[in-house]
Amino acid sequence: MDKISNFTSPPTTALEWVNYLHSKHGSQLSQIRCYAEYYEGNQTTMPFSQAIYNTAFGDTFRSWSDNFCALIVDAVNERLRVIGFRMTTDPDADEDAHAIWQRNHMDVQSSAAHLDAMIHGESYAIVWAGVDGEPVISCESAENVVVQYKPGSRTELDAAAKFFTDDWGRQHVTLWTPEYLYTSVTGEHGWLEPVQAPNPLGVVPVVPISNRLRLTGTAQSDLKAIIPLQDAINKTITDALVASEMAAFPARFVTGLEIAEDADGNPIEPFRVAIDKVLQAEDPQARFGQFQAADLSNYGTLVDLLTKHLASIARLPHWMIDSTGQPATGEGAEAAEYGLVAKIKERILHFGRAWVEVMRLCFKVKQDQRAAAFDASVIWADVENRSEAQHMDALVKLFSLGVPAAVLWERAGFTPQEIDRFPALLEDQEELIGSYPSAISGGGSPGADKPADPAEMAATAPRGNAGNSARKIAGDDGSRR
């Protein structure tokens, strides 16, 4: 019976909430930790293997696995980077939000939160006021935090709790409700009566960072659909290891030789077969031969098939996971990564909503009106992987269409903080050009009074020896005319 089925009505006291959420958390914990084990590559290999595997290798490969789970999660996480917030209709990034973000080391914490959300299905961010009154953000694992939504709601929380064990083995809990904050520890007979404190925020200050959230059910781990394929890959390769030990070495046989037996009637092996041994027999009727060695290439074919299925489900370019694949280049690379980029943008949609809620709670701590900034948004780093030349060429074309330079700077990958410095730097540059026109040509021809037009620069043919070599190869060398 499920532990939480003992509760037939909503909890009404703090202790009831603690017991309920502790039971709910315990029922989820084994699955959560299973996903973490697969990500770390610590899943058990032995259940897949034949009995002879233990005989052949003992403990040699007990901790081994050909782990693709980490690659599938890391390929997405390495492109998820928050670089700023817009809390109002102002097109510039919010400096106060950035200061809060940096003060809480969220450039690192957010990456860990994204990682855990994709592994476990959810991670959590907790917002509270520090001793100095400034907002404190703490990112937490689903191994420690559990939440309860209000009946009929997928966004509003009734309560949330964080469980952890100290170095002396005592289990602690912090419980949040919209009205109060409670803390408790375990005693000899369970949880002690919680200590109560008011919650000045008026809401549960815990924000779930949900992965693959549906309208029904719970958030899902990215590894849920991958684990069966990962198990199949591990099983196939353990079989290949057994075959390489037992059947890849050609088995030899001899006919026409009398079989010798020991005192108990058991046949005695007549030869010790090894690479450096020569077999010989005095009986002229004896004939030696060998069986064909096992063909291990079939195992490789099956593993390649399984990894291709895995790449398709994970929406990874096949060259990232196929040992025989080659990375695509240019437009081919963009096409190959379309599925991965679309997957990352879907994660950004859900994770971005959570980070906006976190930042609104931070301003609620500061009693700032931006706590009600429902039109706020997150500024993310570019998730597409393109060549620098291709990217800049596209931006130059957008500039020729009249797209503001500030928008292009953001698309070029500059952070809001770098963009804020550009106007002052451009003024200094103009002043320097005015004072020393010959010192900075701005990319134009020597003696030019103004920088070259970006569109003209984009259309200009390559110069220098590299361009000459290319023209010679193409048969367009002016010196031959």
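Q: How many aromatic pairs does a search of the whole structure find?
A: In this predicted model, the search finds seven aromatic pairs.

Q: Why is the pair of Phe 163 and Trp 191 called tilted?
A: The ring planes of Phe 163 and Trp 191 stand at 50 degrees, with the centres 5.9 Å apart. Planes under 30 degrees apart would count as stacked and over 60 as edge-to-face, so the rest are tilted. The value of 50 degrees therefore makes this pair tilted.

Q: What makes this pair a tie between parts of the sequence?
A: Phe 163 belongs to strand β5 (residues 157-165) and Trp 191 to strand β8 (residues 190-191), so the pair ties together parts that are 28 residues apart in sequence. Both Phe 163 and Trp 191 are buried.

Q: Why is the pair of Tyr 180 and Tyr 182 called tilted?
A: The centres of these two rings lie 5.9 Å apart and their planes are at 55 degrees, so the pair is tilted.

Q: Why does Tyr 180 count as partly exposed?
A: Tyr 180 has 33% relative accessibility. Buried means under 20% and exposed over 50%, with partly exposed in between; Tyr 180 is therefore partly exposed.

Q: Why does Tyr 182 count as buried?
A: The relative accessibility of Tyr 182 is 11%, and buried means under 20%. Tyr 182 therefore counts as buried.

Q: How do you know that Lys 162 lies over the face of Phe 164?
A: Lys 162 is at 5.6 Å from the ring centre of Phe 164. The cut-off for that distance is within 6 Å, together with a position within 35 degrees of the ring normal. Lys 162 is found to lie over the face of Phe 164.

Definitions and conventions: Residues are numbered from 1 along each chain as its sequence is written. This is a predicted model: local features need pLDDT of at least 70, side-chain atom pairs count only at pLDDT 80 or more; totals for chains, interfaces and linings use all residues. Side-chain values use heavy atoms; hydrogens and water are left out. Rings of Phe, Tyr and Trp (its six-membered ring) pair if their centres lie within 6.5 Å; planes under 30 degrees apart count as stacked, over 60 as edge-to-face and the rest as tilted. Helices (H or I, at least four residues) and strands (E, at least two) are DSSP runs, numbered from the N terminus. Buried means under 20% relative accessible area, exposed over 50%, partly exposed in between (1.4 Å probe, protein chains only).
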